[in-house]
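Morning, everyone. I will go through one model today, starting with its charged pairs and ending with its sheets. Please have a look at it first.

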Amino acid sequence: MIRRNRIAVAVAGGMAAVLALVMWTSNATGLQGRTVAQTEQVGAAAPGDYGDVQAPLAPPTSEEAAAADAPAVDAPDGQAAPAPSGPQVTLVGKTVPKMGEVVQDGDGRTLYRFDKDTPKPAKSNCEGQCAETWPPVLSDGTPQLQGVDPALVSTVKRSDGTEQVTLAGWPLYTYSKDEAPGKWQGQGVGGTWFVVQPNGKRNVECLPPGVTAPAA
């Protein structure tokens with residue numbers, strides 16, 4: 001009777017030990033599963049959650065790219081550039097050997113008048129090829145004067161919009177074949193071109209052979 005009780009106690013103890021082992025194993029397995037799940041959850045955190053990874057920047061638009069490639073432009077210094085000035089002309093009335101009274105420009109080139117022009121109103125009739133042979137005296141401002149009466153000097157607008165200097169109403173010209181200052185190869189050409197005097201009249205001194213002085 002006593003022996004049977006001991007066997008029963010031993011069996012009960014063994015079953016309790018087995019049950020405890022089973023329960024411990026189950027708990028350990030559950031704990032491990034939770035640890036793995038937590039580890040996977042931490043690894044799956046979105047980039048930038050901890051401030052060590054920046055979100056990728058959006059690609060620049062075409063306008064932004066063009067602006068980045070555009071060359072830098074210097075800022076204005078607040079001072080306007082000076083306006084371009086037109087040709088400045090000097091008229092010099094003087095007396096020269098053989099020719100007498102003449103008008104020259106500031107470079108000493110002899111000036112002429114053309115009988116086919118008109119003084120009242122002032123008008124130039126020398127255009128195209130004529131103006132290449134006889135360049136008009138142009139000026140955007142008031143000419144500098146030496147030995148010439150300012151009251152006789154003005155300008156007239158040409159067909160191309162430029163301003164030609166006039167003397168007593170007559171438009172003034174140089175001559176392309178005067179190879180040096182002080183020459184007057186244009187005197188009497190065609191019986192219509194003459195060196196001009198400071199009063200605006202023709203200079204009829206020292207006419208080439210075959211040229212007759214026109215009526216005053």
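When I say salt bridge, I mean a side-chain nitrogen of Lys or Arg within 4 Å of a carboxyl oxygen of Asp or Glu. Before the examples, some housekeeping. This is a predicted model, in which local features need pLDDT of at least 70, side-chain atom pairs count only at pLDDT 80 or more, and totals for chains, interfaces and linings use all residues. Residues are numbered from 1 along each chain as its sequence is written, and side-chain values use heavy atoms, with hydrogens and water left out.

How many salt bridges does a search of the whole structure find? The number is six. As background, side chains of opposite charge can pair when their charged atoms come close.

Take D115. Its side chain meets that of R202 in a salt bridge, at 3.1 Å from N to O. D115 sits in the loop between β3 and β4 (118-119), while R202 is in the segment after β10 (193-195), so this pair ties together parts that are 87 residues apart in sequence. Helices here are DSSP runs of H or I with at least four residues, and strands are runs of E with at least two, numbered from the N terminus. D115 also forms a salt bridge with R113, where the closest N and O atoms are 3.4 Å apart.

On burial, I use relative accessible area: under 20% is buried, over 50% is exposed, and in between is partly exposed, with a 1.4 Å probe and protein chains only. D115 is partly exposed at 23%, whereas R113 is buried at 5%.

Next, E127 and R158. They form a salt bridge with the closest N and O atoms 3.2 Å apart. E127 lies in the loop between β5 (122-123) and α3 (129-133) and R158 in the loop between β7 and β8, so the pair ties together parts that are 31 residues apart in sequence. E127 is partly exposed, with a value of 35%, and R158 is buried, with 7%. There is also a network of salt bridges linking D105, D107 and R109.

Now the loop between β2 and β3 (112-114), where T110 is found. Is T110 buried or exposed? T110 is buried, with a relative accessible area of 4%. Its side chain reaches the backbone oxygen of K183 at 2.7 Å. The residues T110 touches, meaning heavy atoms within 4.5 Å, include Y173, D178, W184 and V195, leaving out residues up to four places away in sequence.

L111 is in that loop as well, and it is buried at 0%. Beyond four places in sequence, the contacts of L111 include L91, V137, L172 and F194.

Last, the sheets. Two strands pair if DSSP finds at least two bridges between them. β1 (residues 90-96) and β6 pair in the parallel sense over three bridges, and L91 stands opposite L145 in β6.

Another open sheet of three strands runs β7-β8-β9, with antiparallel pairing. β7 (153-157) and β9 (170-171) are at the edges with a single partner strand each, so one side of each has no neighbour in the sheet. β7 pairs with β8 (residues 163-167) over five bridges, and K157 has E163 in β8 as its bridge partner.

Notes
Polar contact = N/O pair within 3.5 Å; in protein donor to acceptor, adjacent residues only side chain to side chain.
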